[in-house]
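Subject: Handing over a structure

Dear colleague,

I am passing a structure on to you, and below it I have set out what was found there. Please read the notes with the structure open beside them.

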Amino acid sequence: MTEQGIWNGTISFSLVAIPVHLVKAVDSGRVSFRMLHGKDYSPLHRRMFCPKEEKAVPNDEIIRGYEIAPDKYILITDEELASVSPERSRTIEIIEFIDMKEVDPIYFDHPYYLIPSKGGEKAYRLLTEVMRRTNKAGIAKFVLGEREYLVAVYSTRGTLALITLHYSEEILPDEDISPKEDLVDAGEKNRLEINIRKMMADFNPEKYTDRRRKKIMDILRKKIKQTAPVETPHAEGEEAEGPADLLAALKESMLKVKKNR
Amino acid sequence: MSRKAVGIAGRRLALSNLEKDLYPSHGFTKAHILDYYQRVARFILPHLKDRALTFKRYPEGVDKDFFFEKRCPSHRPSWVPTAEVGRDDAEKMTVCLVNDLETLIWTQNLASVELHVPLARAGSPETPDSMVFDLDPGHPADILDCTRVALILRDLLSELRLASCVKTSGKKGLHVYVPLNREETTFEDTKKFSKAVAVIMQKNYPELVTAKMAKEFRKARVFINWSQNDSSKTMVCIYSLRAREKPVVSFPLSWKELENSAGAGDPERLQVMPAEAISRAEKQGDLFQELLTKKQRLPYL
């Protein structure tokens, strides 16, 4: 079976429609840890907690509220939310082509790869090649999960990549950030420019690593070699496990079964 | 594309593409599928009732791409019964409940040839009303090896005073179910119990059985998949069609039938096709009826 991907469908514009599936392009470098109960190493779960009653709240008692002022909420139902959910896209329909250079990276949200599905390989190669040569990106709207995203499709190293873009209203204003007055003199500007030029290099991301991640992994690797892992009470293992009474009853019953066969 | 409007229980439904050959090597069209599900409705509906349906859709036929859909499509008719499931916001979604004939027919108009449902009902998603052993043969083991395992399993369970029933998966294996139907049961219980059973089976029949998921252990053995006893898992519903080359039904077998065929003969003989499924179900009734009613407690937990 082919890789399923996060989404299957076609990418299309004018007369072209290419079957593709979407897969992740990045994997967050975060080392993730399970939260355990220090007493017996049981893995812990998150629950919704009511501080007033001091207990976990069951699902059927949980509803949604939109906070309009402290302690004041407008309630919204699942049905109301479902009624505005966009329908799942079967196609990524390119509306227009743009120059990727025009897009401020501040708009970039999350990258994916588009992989050709069966039968789409030839058209996919063609589109990838033409987009690479013209250096253009296709802009499309596309529903993934519950949301409709604005996305840019572009060609990178022989593959089509899709990056979700922020909508312009999500970008925070930057007007008040930089100081208004222009007090920089020309000589200072020049010196700074020269300095920047001196430090110019090709972008080479392999040079840099996440040092904290590397150190954590080193610690973990060392610990794996030196110490035995702790185990959850009913961790999955090779040997028979479960309540002792059940195991004894199963063993006895199995003997009878075998004798009768 | 052909369209045909039908009225079911006073509801209008436009059926499309009836002549589409969804089992092309067998000439079994969408119209045949609709006819099958309509005739088997009174047997399958009680087993689908109030369970979150997972669509497994084959719009271009069983030999082409399929896709899973857990969410109930938003283009559904207003009369399709639904439920909200999911623990937290990220998992929350609206699912379809196939509680009536018109909804069943609608799912088939979407070419959802296979109907998969969880072991718990949507209203009590953490309460399994049965425990299942999914017997999956690793090549060259086949369904006949599964019958041997199923019979040992039945005997072992019956020593613990638990009644069980068996159906074909409609693909290569068998599914053994233990009715529970008690509010107090949790998936933790069924998982713990089924795993202990699978492990002791493996210990006593190491040449025949494995309880391990890893592929290398499953070769030439029957894998007892106990991990299906989980709120997030689904099983193909009894009487559902399967998307194999030929239309085969996941069909209940009597233990007698298994005893007569265990370990010998033509493995395909145990597979039940739609016409046979209808005539057998009409004659013998629902062999899985106890699955919905019989109350049993898992002992020694």
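Two strands are said to pair if DSSP finds at least two bridges between them. With that in mind, and remembering throughout that this is a predicted model, you could begin with chain B, where four strands form an open sheet in the order S6-S5-S9-S15, with antiparallel pairing. The edges of this sheet in chain B are strand S6 (67-69) and strand S15 (235-236), each of which pairs on one side only. Within the sheet, strand S5 (residues 54-57) of chain B and strand S9 (residues 114-117) of chain B run antiparallel to one another and are joined over three bridges; Thr54(B), for instance, has His116(B) as its bridge partner in S9(B).

Chain A has five helices and eleven strands, and seven strands of chain A close into a barrel in the order S1-S2-S8-S11-S10-S9-S7, the pairing here being mixed. From one strand to the next, the twist averages 40 degrees. One of the pairings in chain A joins strand S7 (residues 91-99) to strand S9 (residues 136-144), in the antiparallel sense and over six bridges, and in S9(A) the bridge partner of Glu96(A) is Ile139(A). Helix H2 (residues 121-134) of chain A packs on the sheet, where it touches strand S2 (16-24), strand S8 (108-116), S9, strand S10 (147-156) and strand S11 (159-165) of chain A, and its direction makes about 85 degrees with that of S2(A).

Taking chain A as a whole, 13% of its 261 residues count as buried, and of the contacts in chain A with a separation of 6 or more, 63% are accounted for by residues 24 or more positions apart.

As for how the chains meet, the contact takes 24 residues from chain B and 22 residues from chain A. On the side of chain B that touches chain A, helix H3 (143-159) and helix H4 (187-204) of chain B each supply at least two residues, and H4(B) gives the most, with nine residues. The residues on that side of chain B divide into twelve nonpolar, four polar and eight charged.

Finally, a word on confidence: chain B averages a pLDDT of 92, and 97% of the residues score at least 70, while the predictor gives the complex an ipTM of 0.89 and a pTM of 0.60. Where pLDDT is low, the predicted coordinates should not be read in detail.

With best wishes

Key
Residues numbered from 1 in each chain as written. Chains lettered and ligands numbered in written order. Predicted model: local features only at pLDDT ≥ 70, side-chain atom pairs only at ≥ 80, totals over all residues. Buried ≥ 20, exposed ≤ 12 C-beta atoms within 10 Å, placed from the backbone. Contact = placed C-beta atoms within 7 Å. Nonpolar A, V, L, I, M, F, W, Y, C, P; charged D, E, K, R; others polar. pLDDT = per-residue confidence, 0-100. Axes fitted to C-alpha atoms, helices over the stretch in contact; angles between N-to-C directions.
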